[in-house]
Amino acid sequence: MRPSKPHSINDLMQRVNNIAGLTLGQLANQYHFKTPDDLLREKGWTGQLIEYVLGATAGSKPLPDFEDLGIELKTLPISYKGKPLETTFVSVTPLINVTGMTWHTSSVRKKLNHVLWLPILSERDIAPFDRTIGSGFLWQPTPEQDALLQRDWEEQMELIALGRVDEISGHLGDAIQIRPKAANSKVVTDAIGPHGQIIKTLPRGFYLKTSFTGKILKQQFQL
């Protein structure tokens with residue numbers, strides 16, 4: 001039977017504590033969750049498993065995963081030393097009709113307003129099913145972190161509004177970067193071109209840099 005949605009933050013954190021220390025394989029078996037033969041091709045499987053077990057409800061809607069609690073779930077692959085192994089996807093980057101958008105109403109800020117981080121030991125030499133779930137914790141940006149995120153967001157959204165989307169690279173931003181998010185280069189979307197015309201480009205996404213998520217882990221676990 002599918003786990004019900006958590007009715008309170010305490011209920012959610014109780015579930016998080018119950019799965020800490022288990023491997024992904026143990027958790028999948030416990031809940032009879034369908035597992036692919038090749039996890040390397042199924043990058044989203046870990047997140048889907050955790051969402052299922054914890055009772056997340058948003059699915060692919062642009063809402064926090066636990067809608068009623070206003071909490072977004074982010075699994076975070078970490079190394080043996082507790083450092084993030086990859087950037088964290090936040091949301092799709094809007095590339096047209098961006099005039100008048102503000103940080104305070106942006107999808108990035110809504111997603112990052114209250115996050116349940118779930119570290120998972122994911123070194124390459126550990127088979128996906130043997131990867132261990134760590135201690136999940138709740139996080140909200142400090143005023144300093146929020147200001148940093150806002151600055152990165154505004155700087156890069158301004159380039160999009162000016163038709164300079166092709167100048168954006170992963171080097172920009174201290175906390176957030178924008179980079180292509182597509183299964184292959186045949187997938188294209190509309191964007192604002194350099195002269196205000198509509199051009200075709202790769203879809204983009206907002207990602208949190210590992211330097212930023214690394215500081216969040218440090219803050220939490222005093223690493």
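**Close-up views of the predicted model**

**View 1. Phe-129 at a partly exposed position.** With a relative accessibility of 29%, Phe-129 counts as partly exposed, because this value falls between the cut-offs of 20% for buried and 50% for exposed. Please keep in mind here, and in every view below, that the model is predicted.

**View 2. The tilted pair of Phe-33 and Trp-45.** Searching the whole structure turns up 8 aromatic pairs. In one of them, Phe-33 and Trp-45, the ring centres lie 6.3 Å apart and the planes meet at 55 degrees, so the pair is tilted. This pair links distant parts of the chain: Phe-33 sits in the loop between α2 (24-30) and α3 (45-54), while Trp-45 belongs to helix α3, 12 residues apart. Phe-33 is buried, as its relative accessible area is 19%, and the cut-off for buried is under 20%. Trp-45 also counts as buried, at 3% relative accessibility.

**View 3. Trp-45 meets Phe-129 edge-to-face.** Here the ring centres of Trp-45 and Phe-129 are 5.6 Å apart and their planes stand at 90 degrees, so this pair is edge-to-face. Because Trp-45 lies in helix α3 and Phe-129 in the loop between β3 (115-121) and β4 (132-133), the pair ties together parts that are 84 residues apart in sequence. Stepping back, ring pairs link Phe-33, Trp-45, Tyr-52 and Phe-129 into a cluster.

**View 4. Charged side chains over ring faces.** Arg-179 lies over the face of Tyr-207, at 3.8 Å from the ring centre. Lys-181 takes up such a position over the face of Phe-89, with 4.3 Å to the ring centre.

**View 5. Strand β1 and its partner β3.** Of the 7 residues in strand β1 (residues 72-78), 6 are buried, so the strand is mostly covered. β1 and β3 run parallel and are joined by 7 bridges. Look for Ile-78, which stands opposite Leu-121 in β3.

**View 6. The largest pocket and its lining.** This pocket has a volume of about 1,700 Å³. It is lined by 46 residues, and the closest to its centre are Lys-43, Gly-44, Thr-75, Glu-86 and Phe-89. Elements giving two or more residues to the lining are α3, β1, β2 (88-92), α4 (107-112) and β6 (176-180). The largest share, 6 residues, comes from β1, the mostly covered strand of the previous view. Sorted by class, the lining of the largest pocket has 20 nonpolar, 12 polar and 14 charged residues.

Terms used:
Residues numbered from 1 in each chain as written. Predicted model: local features only at pLDDT ≥ 70, side-chain atom pairs only at ≥ 80, totals over all residues. Heavy atoms only, no water. Phe/Tyr/Trp six-rings, centres within 6.5 Å; stacked < 30°, edge-to-face > 60°. Helix = DSSP H or I, 4+ residues; strand = E, 2+ residues; numbered from the N terminus. Buried < 20%, exposed > 50% of the residue type's maximum accessible area, 1.4 Å probe, protein only. Lys NZ or Arg CZ within 6 Å of the ring centre and 35° of its normal. Pairing = 2+ DSSP bridges. 1 Å grid on protein atoms, 1.4 Å probe; cavity = no way out; pocket = protein on both sides within 12 Å on 5 of 7 lines; lining within 4 Å. Points joined across faces, edges and corners; volume = space filled by probe spheres on them. Nonpolar A, V, L, I, M, F, W, Y, C, P; charged D, E, K, R; others polar.
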